[in-house]
2 protein chains.
Amino acid sequence: MMDTPLLLTSFLNRAERFFHAKKIVSRTSPTTIQEFTYKEYVSRTRKLGDALTKLGMTRGMKVGSFAWNHHRHLEAYFAVPCAGAVLHMINIRLASEHILYVINHAEDEILLIDDNLVPLIAPFAAQLKTVKHFIVMGDAVSLDNCPLPNAHSYEELLAAASDDFVFPEDLDENTPAGMCYTSATTGMPKGVVYTHRSLVLHSISLGLSDNTGLCENDVALPVVPMFHANAWGLPFASVLFGTTQVLPGPMFSPQILLDLIEQYKVTLTAGVPTIWLGVLQEQRQNPRDLSSLRLILSGGSASPVGLIRGFEEEQGIPFYTGYGMTETSPLVSIATYLTHMHNYTQDEKMQIRALQGLTTPLIETRIVNEEGEVPWDGTTMGELTIRGPWIAAEYYNDERTAEAFKDGWLYTGDIAVMTPDGYIKITDRTKDLIKSGGEWISSVDLENALMTHSKVFEAAVIAMPHEKWQERPLACVVPKPEFKDTITKEELLESLRGQFHKTWIPDDVLFIDEVPKSSVGKFLKAKLREDLKDYRIEV
Amino acid sequence: MMDTPLLLTSFLNRAERFFHAKKIVSRTSPTTIQEFTYKEYVSRTRKLGDALTKLGMTRGMKVGSFAWNHHRHLEAYFAVPCAGAVLHMINIRLASEHILYVINHAEDEILLIDDNLVPLIAPFAAQLKTVKHFIVMGDAVSLDNCPLPNAHSYEELLAAASDDFVFPEDLDENTPAGMCYTSATTGMPKGVVYTHRSLVLHSISLGLSDNTGLCENDVALPVVPMFHANAWGLPFASVLFGTTQVLPGPMFSPQILLDLIEQYKVTLTAGVPTIWLGVLQEQRQNPRDLSSLRLILSGGSASPVGLIRGFEEEQGIPFYTGYGMTETSPLVSIATYLTHMHNYTQDEKMQIRALQGLTTPLIETRIVNEEGEVPWDGTTMGELTIRGPWIAAEYYNDERTAEAFKDGWLYTGDIAVMTPDGYIKITDRTKDLIKSGGEWISSVDLENALMTHSKVFEAAVIAMPHEKWQERPLACVVPKPEFKDTITKEELLESLRGQFHKTWIPDDVLFIDEVPKSSVGKFLKAKLREDLKDYRIEV
């Protein structure tokens with residue numbers, strides 16, 4: 001067989017040959033939506049490759065991006081790796097000290113930055129030791145008064161570049177192509193490096209019928225940011241398959257997302273549950289025509305059953321939960337139905353949709369405890385471990401590698417059970433698990449149950465130290481505004497009693513204003529535990 | 001990223017974990033249909049690995065299979081390569097001298113053979129220099145009076161073997177896994193060696209929505225033989241995706257195929273046009289319920305538009321033409337619709353379905369003539385060339401490698417045009433092309449036009465030497481039986497005149513009884529030219 005390397009470059013060539021007339025829609029500001037053909041896109045991407053090379057980009061160099069989802073970011077997604085360099089997609093929602101850390105740690109030498117995000121970097125630009133060039137992206141960039149040193153205008157660079165630029169064909173498929181940092185519970189973010197091979201194989205997996213089945217006929221809207229785990233791989237896969245892309249740009253709202261879906265007849269969209277909660281609420285108030293949507297992919301944290309039902313039953317839109325993380329490119333599993341599940345009752349189906357799903361081809365998962373792999377009984381908890389060709393083998397230049405990567409497996413820190421059908425169900429983070437009297441209590445199960453209560457907006461359940469039981473659950477509940485004054489602890493606890501063993505029922509309910517969240521919308525229960533470290537349960 | 005090799009072994013492990021209750025249906029004789037769960041299948045496959053290892057199978061050893069499509073062949077499909085050996089799938093329809101050649105040339109040391117096929121090998125078994133063991137497969141094999149030396153019963157070997165056998169995990173992904181020989185126009189067949197990597201990537205491609213979208217919900221019936229280009233990869237991909245498999249066994253007929261489709265609610269089936277012509281005829285006479293079928297895949301040679309219309313319009317079953325060859329694993333392209341084609345008229349759609357289709361992701365195709373790549377105008381002919389990770393780089397130990405593999409590309413010997421949308425349309429074999437007065441005339445286009453004539457059963461158009469024009473087309477036509485005595489040359493030529501330039505109209509029509517065909521049902525036009533070498537066109 002031919003020794004053909006798996007390279008992202010082949011995606012670009014394919015898009016140029018076959019999908020030149022297809023569209024990329026880019027919302028570049030609250031008032032501007034631009035459309036490009038793939039032909040124009042590839043031409044601009046070649047120009048970017050030329051421009052960056054002229055600026056000194058070499059193979060292996062790290063090039064940072066600090067940007068929303070738009071066509072320029074998509075150009076960088078291919079121009080940098082196809083030239084043999086590494087695109088470091090920086091999470092713009094990190095704390096300043098973390099942004100400073102990741103740019104210095106990755107040793108980014110060029111930084112592509114949205115004009116409206118310059119104020120987030122400018123205060124510490126002088127401390128970015130390795131960055132030689134800042135390239136400012138925007139529709140009408142003026143570098144007058146730009147607070148960044150060595151600043152260039154992206155569009156001016158492109159105007160001076162040639163689309164005759166040819167990306168090298170001699171890259172090894174294991175050449176690093178991209179990197180993302182993931183927040184750590186304590187300490188600085190940890191870096192993950194993707195390769196051409198891993199991104200190619202991951203892209204292909206998104207086209208499988210048993211996963212998302214992304215295809216040329218699709219119109220994909222990645223709400224998940226392009227600085228978050230490769231926007232779940234959608235931008236790469238869309239170029240491969242010639243999928244029409246709708247990139248929602250900066251400062252979008254549920255209204256804007258729904259307008260984009262309706263206007264561009266979006267077929268597939270992806271994002272975190274928090275986004276979909278807002279979208280569902282808006283759609284109920286001001287319904288749009290969403291009949292083009294064949295699939296909403298939700299991940300990053302568990303999807304409440306009420307949310308899934310809202311889309312599937314009210315709106316008639318399939319709502320899939322997936323599981324993944326920065327370390328896994330990210331697709332690991334997705335909650336599609338196996339053949340025998342098509343005969344399930346609607347209630348049973350909704351329970352399946354709320355699971356983290358079935359492991360994708362080419363990836364292996366095991367849920368393990370001290371005794372090895374746990375039985376597939378849906379109740380025995382263990383830590384989820386993963387291996388496969390698009391799973392990280394290490395953190396980039398980081399001693400914490402040894403904590404997560406053992407015996408060829410990634411230890412995720414997620415506590416899960418495996419259903420008899422082989423569906424993963426995350427029950428907790430290792431650090432959030434409540435260990436009460438030798439038994440493991442899933443904070444996530446309790447939260448999900450609380451969040452189905454009609455008076456509850458959000459709920460987080462955390463472990464509180466306990467003399468006798470070591471730990472006991474405390475429920476922290478955000479009521480819906482209209483029930484703020486009338487909701488009672490007792491009615492919430494009573495609603496749980498029918499669903500859980502008595503040892504699982506929280507010892508107390510605390511009403512709070514909001515659950516602290518990470519930059520990607522995940523509950524920050526470590527923060528909640530810290531805030532409440534002096535709280536004492538009333539007994 | 002983890003350095004995880006792409007191995008077929010992972011398919012087996014995945015099927016065992018997730019799809020243990022799914023079914024493999026195996027028609028092992030005209031009177032027997034057996035059903036196995038994937039759990040039983042994997043258990044038997046491990047036993048086969050154990051049994052073959054005990055017989056002396058080692059890494060790199062060639063193990064031949066000489067068998068129909070059934071569960072035992074499917075067990076060999078995995079047991080041999082997962083143990084690090086190479087399964088040589090021998091075409092049972094080859095001439096005896098070719099069968100003898102390929103087994104000796106591949107140096108098969110073990111040969112798995114169907115009991116009902118023993119008579120095809122027995123006459124020259126003594127000349128098989130490298131074969132140390134014959135393993136006879138069947139439901140009730142008796143070795144009494146078996147004419148083969150060192151014969152074993154497959155089932156007896158399995159009965160004595162253990163399913164605790166563990167396949168190695170340390171194989172390199174470039175380890176040879178399988179091989180097939182392909183018939184040459186002249187001389188002995190040429191061997192192609194597949195690797196684990198190439199078969200894994202090819203399998204994944206069958207699951208892409210833009211190709212066949214094979215998935216867990218499917219029930220696949222490969223009519224294409226397992227000794228012909230890996231049965232187009234369906235057996236491998238079905239194990240990966242947990243697809244229910246229906247293996248049609250020996251001596252099937254259109255009736256039997258239709259019964260299997262109806263009984264097992266087959267969703268996807270694949271085979272050559274000759275098969276589908278018979279199936280369509282039978283379905284018209286004795287209709288079955290085919291409502292489960294979502295896709296018929298046809299390849300190996302061009303599908304007549306009448307056949308496509310018969311399935312799509314009369315039966316309501318999507319009928320996809322694909323293109324591939326033994327050297328390409330085989331999937332290269334498939335005639336799915338691009339987004340803008342969904343608005344085509346029915347006639348336009350049927351023209352698309354008759355093309356060889358759009359090149360699959362990860363594979364590159366170019367149609368080239370002396371001046372380089374031909375324009376995508378749908379008329380300029382050139383030779384189709386292909387490269388990619390599941391395309392052969394050579395023929396196995398064969399000097400003819402240099403004829404077909406040049407500059408990193410496979411030269412297919414097929415003459416084709418590229419439509420403006422990038423769809424491949426095969427117009428001829430290089431050797432069948434008619435070169436008349438400096439112009440290329442496509443024999444295939446003329447044949448397809450003739451075969452849409454209501455009085456024509458089959459037609460082959462070949463080049464005849466011509467003093468002035470170098471070559472001129474001669475049409476060799478098999479009339480439908482009922483028109484045998486009334487059909488005229490003139491009415492056939494008249495029917496062509498409206499469709500082709502006058503230089504393309506054949507100089508003569510010769511009525512024949514049948515078109516000579518290869519072991520896989522392709523027209524043998526070289527044979528026809530040889531038979532007619534003394535024929536002179538009446539002027």
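1. Start with two helices in chain A. P273(A), W276(A), L277(A), V279(A), L280(A) and R284(A) of α10(A) touch L307(A), G310(A), F311(A) and E314(A) of α11(A), where contact means heavy atoms within 4.5 Å. These contact residues comprise seven nonpolar, one polar and two charged (nonpolar: Ala, Val, Leu, Ile, Met, Phe, Trp, Tyr, Cys and Pro; charged: Asp, Glu, Lys and Arg; polar: the others, Gly among them).

2. A word on the source: this is a predicted model, in which local features need pLDDT of at least 70 and side-chain atom pairs count only at pLDDT 80 or more, while totals for chains, interfaces and linings use all residues. Residues are numbered from 1 along each chain as its sequence is written, chains are lettered from A, and side-chain values use heavy atoms, without hydrogens and water.

3. Now the geometry. The axes (lines fitted to C-alpha atoms, for helices over the stretch in contact, with angles from 0 to 180 degrees between N-to-C directions) of α10(A), residues 273-285, and α11(A), residues 305-314, come within 10 Å and cross at roughly 45°. The two helices are therefore oblique to each other (angles under 35 degrees count as roughly parallel, over 145 as roughly antiparallel, 65 to 115 as roughly perpendicular and the rest as oblique).

4. Next, the pair of chains.

5. Finally, the interface. Chain A gives 61 residues to the contact and chain B gives 61 residues.

Note on methods. Helices (H or I, at least four residues) and strands (E, at least two) are DSSP runs, numbered from the N terminus.
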